Amino acid sequence: MIDIDGSYGEGGGQVLRSSLSLAAITGAPIRITRIRAGRKKPGLAAQHLTAVRAAARICHAQLRGDALGSMMLEFIPGSSVQAGTYTFDVSEARQGASAGAITLVLQTILLPLALAGNDSQVTLRGGTHVIFSPTMTYIEQVYLSMLQRMGVEAEVQLGAWGWYPQGGGEVKMRVSGNRKLGGINLLERGDLQQVRGLAVATELPSNIPQRMASRAENLLRTAGLKAAVQALREKGVAPGAGIFLTAEYQNSLTGFGGFGRLRLTSEKVAEIACEQLLKFHQTGAPVDEHLADQLLLPAALASQMSQYRVAEVTTHLITNAAVIEQFGLAQITVDEREKTVAVMPLN
Ligand SMILES: Nc1ncnc2c1ncn2[C@@H]1O[C@H](COP(=O)(O)OP(=O)(O)OP(=O)(O)O)[C@@H](O)[C@H]1O
């Protein structure tokens with residue numbers, strides 16, 4: 001049994017999710033204690049419990065402690081990961097609505113399913129665009145595109161947008177199985193090719209996406225960046241709005257978003273997204289601070305070494321590296337001064 005201290009470093013949900021993915025892939029039983037001890041409301045929230053149940057479903061794991069608020073979980077895989085057709089809904093973890101991010105549930109099971117013997121189809125329901133987590137737009141345009149270069153083949157289709165607090169979004173994912181992963185080398189990003197964007201509203205007037213789109217295009221073009229932002233009204237169960245920008249460099253991709261809320265003008269929402277993107281652009285780094293921690297898992301499962309340079313070394317990155325190393329799959333070196341990450345798989 002591998003013992004994981006859920007309070008280590010960042011002490012957030014990622015410690016749990018990385019451990020679940022690796023337990024499913026390796027078949028190693030795990031016990032995680034002090035889950036999310038670093039958070040205001042510690043223990044398993046709806047999103048985490050959905051990830052636990054999803055990981056357990058695909059490898060028939062026995063569970064102990066799988067309840068909302070639980071700070072301890074035992075996860076004992078009962079089989080290798082089984083490809084198949086699955087549905088996971090965060091609202092089943094908590095009665096009533098939940099905007100738990102299904103992108104994080106998706107990340108928990110993606111690599112186990114990509115390494116399984118056959119193709120899978122997964123339907124996910126809950127929050128698709130939720131602050132402090134990757135948005136489904138980021139997953140599609142940045143995360144999956146980068147993972148494709150490492151040998152992962154998966155496609156997502158967004159059926160409905162799910163915002164905080166109601167959730168209710170839906171995504172269908174198709175994952176090809178039997179994949180062999182390769183390393184990635186991202187030390188130089190090359191020139192910016194373009195910034196693409198989606199300015200979206202559900203159940204709100206069309207001037208909102210239009211205003212977000214034109215403010216973002218103006219700001220980015222004034223800063224000398226080539227930008228095209230599409231204004232869209234989309235399907236969702238509740239009102240919501242946001243703008244999601246993807247910057248395409250010769251060798252790399254990144255994405256940033258801004259979320260609408262009451263008393264925040266559409267223009268301000270666009271400015272929030274643009275500020276983050278311009279700040280990243282100035283760093284010259286190929287990998288944004290979020291992708292930095294998300295690339296560790298595929299890199300540890302690859303057959304070659306990976307190396308990349310990041311915009312910022314975060315506690316998420318350091319924490320995830322330590323969790324992955326506990327499974328003995330890779331040696332990870334983070335150079336805080338050079339802001340580089342090297343992942344050397346050990347098998
Ligand atoms: N704007 C963003 N774009 C892409 N990825 C993001 C963004 N914000 C956060 N993330 C990613 O979301 C993940 C959040 O992990 P974290 O450990 O904080 O867990 P959590 O389950 O969201 O919840 P909590 O922080 O409440 O425990 C990290 O992988 C982080 O890189």
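Two strands are taken to pair if DSSP finds at least two bridges between them, and strands (E, at least two residues) and helices (H or I, at least four) are DSSP runs numbered from the N terminus. In these terms, Asp89 stands opposite Arg125 in β6. The model is predicted, so local features need pLDDT of at least 70 and side-chain atom pairs count only at pLDDT 80 or more, while totals for chains, interfaces and linings use all residues. Residue numbers start from 1 along each chain as its sequence is written.

β5 and strand β6 (residues 120-126) run parallel and are joined by 5 bridges. They belong to an open sheet of 4 strands, ordered β5-β6-β8-β7, with mixed pairing. β5 (85-89) and β7 (154-160) are its edge strands, each pairing on one side only. On average, neighbouring strands of this sheet are turned by 15° against each other, direction ignored; axes here are lines fitted to C-alpha atoms, for helices over the stretch in contact, and angles run from 0 to 180 degrees between N-to-C directions. Across β7 and β8 (169-175) lies helix α4 (residues 136-148), which runs at about 165° to β7.

Leaving aside residues up to four places away in sequence, Leu220 touches Val195, Leu225, Ala227 and Cys274, contact meaning C-beta atoms, placed from the backbone, within 7 Å. The C-alpha atoms of Leu220 and Glu275 are separated by 9.3 Å, although these residues are 55 apart along the chain.

Note on methods. Contact = placed C-beta atoms within 7 Å.
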